[in-house]
Amino acid sequence: MPASYLNDQGDWVKQCTKCEQVQPVAEYYKHTAGVTKDGLKPRCRTCTSAQLRDQNARRAKKRRQKSHKLTKLHVDWIREQQGKFSTREIAKAFSKRFFNMKINNSTVSRIFSGKIHIDPESTEDTLSIYDLLEGASQFSGSVEDYIESADDKKIKF
Ligand SMILES: [Zn+2]
């Protein structure tokens, strides 16, 4: 990890490990004591900020994905794909099928292995009208066929 050094003009400078630009030490945030030799972060302020922004965006995205609940419709659909495609392909197809709702490979695997299941007595075992609309938007038949295909006792308006 390149530490700060005096350049030909007698200024303390340091090369950023990310953008690789040599910049004055004032362009670097202080690091937690003892982590780097010069006490500065290895990335310049611009790159450090960009890194934090990316991190926050990734975490926010994860939170949004987690807020989705899998319903019986989703789980049944996933089970139907078992053995036909890889878990990765199924996760990808799921997103297309259900209006960009994201699930990951391990969720698919856990559904296959029975570690995720929908409790038949659970109040979550319902399909909201939004689930229906989402599903119907990808269904090849008519909306009526689609609603027919769903268990009407579980539809919650
Ligand atoms: Zn940089």
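Modeller: Let us begin with how a helix pair is described: axes are lines fitted to C-alpha atoms, for helices over the stretch in contact, and angles run from 0 to 180 degrees between N-to-C directions. Please keep in mind throughout that this is a predicted model. Helix H3, residues 87–97, and helix H4, residues 105–112, have axes 8 Å apart and pack at an angle of about 105 degrees.

Biologist: Why are H3 and H4 called roughly perpendicular to each other?

Modeller: Angles of 65 to 115 degrees count as roughly perpendicular. The angle for H3 and H4 is about 105 degrees, and the two helices are therefore placed in that class.

Biologist: Which residues of H3 and H4 meet?

Modeller: From H3 there are Thr87, Arg88, Ile90 and Ala91, and these meet Asn105, Val108 and Ser109 of H4. By type, the residues of this contact divide into three nonpolar, three polar and one charged.

Biologist: What makes up the largest nonpolar core?

Modeller: A residue counts as buried when 20 or more other C-beta atoms lie within 10 Å of its own, and a nonpolar core joins buried residues of the listed nonpolar kinds through C-beta atoms within 7 Å. The largest such core has eight residues, namely Ile78, Ile90, Ala91, Phe94, Phe98, Ile103, Val108 and Ile111. H3 and H4 each supply at least two residues of this core, and H3 gives the most, with three. Leaving aside neighbours within four places in sequence, Ile90 is in contact with Ile78, Gln81, Phe85 and Val108. Across the protein chain, 15% of the 157 residues count as buried.

Biologist: Turning to the strands, how do you know that S2 and S3 pair?

Modeller: Pairing requires at least two bridges between two strands. Strand S2, residues 12–15, and S3 have three bridges and run in the antiparallel sense, with Lys14 standing opposite Gln23 in S3. S1 and S2 also pair in the antiparallel sense, over two bridges, and Leu6 has Trp12 in S2 as its bridge partner.

Biologist: What makes S1 and S3 edge strands?

Modeller: The open sheet has three strands in the order S1-S2-S3, with antiparallel pairing. Strand S1 (5–6) and strand S3 (22–24) each pair on one side only, and they are accordingly its edge strands.

Biologist: How many helices and strands does the protein chain have, and what pattern do they follow?

Modeller: There are six helices and five strands, and along the sequence they follow the pattern β-β-β-α-α-α-α-β-α-α-β.

Technical notes. Residues are numbered from 1 along each chain as its sequence is written. This is a predicted model: local features need pLDDT of at least 70, side-chain atom pairs count only at pLDDT 80 or more; totals for chains, interfaces and linings use all residues. Helices (H or I, at least four residues) and strands (E, at least two) are DSSP runs, numbered from the N terminus. A residue is buried if 20 or more other C-beta atoms lie within 10 Å of its own, exposed if 12 or fewer, and partly exposed in between; C-beta atoms are placed from the backbone. Angles under 35 degrees count as roughly parallel, over 145 as roughly antiparallel, 65 to 115 as roughly perpendicular and the rest as oblique. Two residues are in contact if their C-beta atoms, placed from the backbone, lie within 7 Å. Ala, Val, Leu, Ile, Met, Phe, Trp, Tyr, Cys and Pro count as nonpolar, Asp, Glu, Lys and Arg as charged, and the others, Gly among them, as polar.
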